[in-house]
Amino acid sequence: MKIEQIYTGCLAQGAYYITSNGEAAIVDPLRETHPYLERLKRDSVQLKYIFETHFHADFVSGHVDLSRETGAPIVFGPNAICEFDCITATDGQEFTIGNIKIKVLHTPGHTMESSTYLLIDENAKDHAIFSGDTLFIGDVGRPDLAQKVAHLTQEQLAGILFHSLRDKIMTLADDVIVYPAHGAGSACGKNMSKETISTIGNQKTTNYALRADMNEAEFIEEVTDGLLPPPAYFSMNVAMNKKGYDRFENVLHLGMRALAVLEFEVAAEETGALILDTRKNGAFAKGFIPQSINIGIDGDFAPWVGSLIANVKQPILIVCELGQEEETVTRLSRVGFDNLIGHLAGGFDAWAKAGKEFDTVNRISAEQFATDVKIGESKIIDIRKETEYSAEHIEDSYSKPLAAINDWVKDINPKEHFYLHCAGGYRSMIAASILEARGFRNFTEIEGGFHAIAKTNVPKTDFVCPSKVLK
């Protein structure tokens, strides 16, 4: 028996590849199927089942394409209704893969079809669980995403989750391994660990939601406290995972169309496409196509695309570094952005060499900021998360998280200058591009963000451990 965790940092997502005696199973695969097909070929095994822990909201799963390409059936837990062929398993149902078994444990609460898959090894011993979004390392799944579909409140869903954890998960042996669907950085939980593997015993002692002395009311209060609104694209990804989607190869073909400068310009005008520039923030600041939005491929690209663009049907034109076209298209497809018009052949350099108009961002170093800023007089906008801001920030700065930019941008006075920063420059350049696209030029963005500013003499608040902020 072999278990391989295939972890994708951009989405903080774990898929699982399991083999035993010539057969294989895959749990929660990503959109592109070639990594799994290559493993199957390498190991000379047949894919017998594709297990889905639930209808994912934060990414488009590869279950439909993978089933189409291998003939392996898709398995969901109870209550799942698909618009494609799938097995809706019953609670306790077992599936055999080689010399091992996968047992379905229905664990609703995150969603009503959410299920945990228990792996029983060759010796009939409970070996591991693939817990999806029911149990994370250090946290549990948020109970607010399925409210409309389930016709339940988040408090009612949290109560259901409480019993799923106590009745199905915590009754397992302490040495059972926990393989979750996500780690730190995912929007599917609020306080996940950076660790991506644990055990039931460890979680019983370290996970706040599994405290033995916690009653249902306390669980509901703690799990629902501090939940931020889910990103707008979540519901669209759920729909794609339920109904199916276009083949990944078709999406890749669209995005890989290389458009010369004139073709790109015409396409932008005729389609109303959003121009998405995925270059590093430093390169973008020095020059970019007017109205384009910068979300760098080298950061949390897919989640920010989903959160800020939101509508997965939005037509998109891509500007990227040479050689990163396929990676960009792949990452967009993972969160359902399939309406791709193509990419700029030759990248931004081709645009500049053609003599086309371009914009820049007024960016200064942290040292220059320290010289220029007047604390108490200058306006400073900190676009980090509220927890980051609460832990430590520049004195007299304003907390305006990037995720809420569509709300706070309406309050900006276009005649009042302000400084803009995040933690390291990635998010502040996203914000700068959105602001410039909406006509604002009255700001200065700070290179290196708070990490760089903290090394200067700019006054800061006392540091408070983020773990205390979250409590």
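# A tour from helix to sheet

Helices α1 and α2 make a right-handed crossing. Helices here are DSSP runs of H or I with at least four residues, strands are runs of E with at least two, and both are numbered from the N terminus.

Before you go on, note that this is a predicted model: local features need pLDDT of at least 70, side-chain atom pairs count only at pLDDT 80 or more, and totals for chains, interfaces and linings use all residues. Residues are numbered from 1 along each chain as its sequence is written, and side-chain values use heavy atoms, leaving out hydrogens and water.

**Stop 1: α1 and α2**

Select residues 34–43 for α1 and 63–70 for α2. Their axes come within 10 Å and cross at roughly 35 degrees. Each axis is a line fitted to C-alpha atoms, for helices over the stretch in contact; angles run from 0 to 180 degrees between N-to-C directions. Now show the side chains. Tyr36, Leu37 and Leu40 of α1 meet Leu66, Glu69 and Thr70 of α2. Contact means heavy atoms within 4.5 Å. By class, this contact of α1 with α2 has four nonpolar residues, one polar and one charged. Ala, Val, Leu, Ile, Met, Phe, Trp, Tyr, Cys and Pro count as nonpolar; Asp, Glu, Lys and Arg as charged; the others, Gly among them, as polar.

**Stop 2: α4 and α6**

Next, pick residues 154–169 (α4) and 216–224 (α6). At what angle do α4 and α6 pack? The angle is about 120 degrees, and the axes lie 9 Å apart. The crossing of α4 past α6 is right-handed. On the α4 side, the meeting residues include Ala158, Leu161, Phe162 and Arg166. On the α6 side, look for Glu216, Phe219, Ile220 and Thr224. The contact of α4 with α6 holds six nonpolar, four polar and three charged residues.

**Stop 3: two open sheets**

Switch to a cartoon view. Strands of a sheet pair through backbone hydrogen bonds, either parallel or antiparallel. Two strands count as paired if DSSP finds at least two bridges between them.

Find the six-strand open sheet, ordered β7-β8-β9-β10-β11-β12, with mixed pairing. Its edge strands are β7 (94–97) and β12 (198–199), and each pairs on one side only. Zoom in on β9 (residues 115–120) and β10 (residues 126–132): they run antiparallel, joined by four bridges. Tyr117 stands opposite Phe130 of β10.

Move to the five-strand open sheet. Its order is β18-β22-β21-β19-β20, and its pairing is parallel. Asp382 is opposite Ser399 in β20.

**Stop 4: the covered helix α11**

Select residues 301–309. Is this helix, α11, mostly covered or uncovered? α11 is mostly covered: seven of its nine residues are buried. Buried means under 20% relative accessible area, exposed over 50%, and partly exposed in between (1.4 Å probe, protein chains only). Among the buried residues are Phe301, Trp304 and Leu308. What covers the buried residues of α11 includes β14 (274–277), β16 (316–319) and α17 (426–437). Just after α11, Ala310 has a positive phi of about 70 degrees.

**Stop 5**

Go to Asn21, in the loop between β2 (13–20) and β3 (23–27). Asn21 is not a glycine, yet has a positive phi of about 50 degrees. With 60% relative accessibility, Asn21 counts as exposed.

Jump to Gln291, in the loop between α10 (281–286) and β15 (293–294). This non-glycine residue also has a positive phi, near 75 degrees.

Finish with Ile375, in the loop between α14 (366–372) and β19. Ile375 is partly exposed, at a relative accessible area of 27%. Leaving aside residues up to four places away in sequence, Ile375 touches Ile380, Ile394, Glu395, Asp396, Val458 and Pro459. Now draw a line from Ile375 to Asp338. They are 37 residues apart in sequence and 46 Å apart in space, C-alpha to C-alpha.

**Zoom out**

The protein has 19 helices and 22 strands. Its radius of gyration is 24 Å, close to the 23 Å given by the globule rule for 471 residues, so the protein is as compact as a globular protein of that length. That radius is taken over C-alpha atoms, and the rule is 2.2 Å times the number of residues to the power 0.38. Of the 471 residues, 55% count as buried.

How values were computed
Left-handed = near helix turned anticlockwise from the far one by under 90°.
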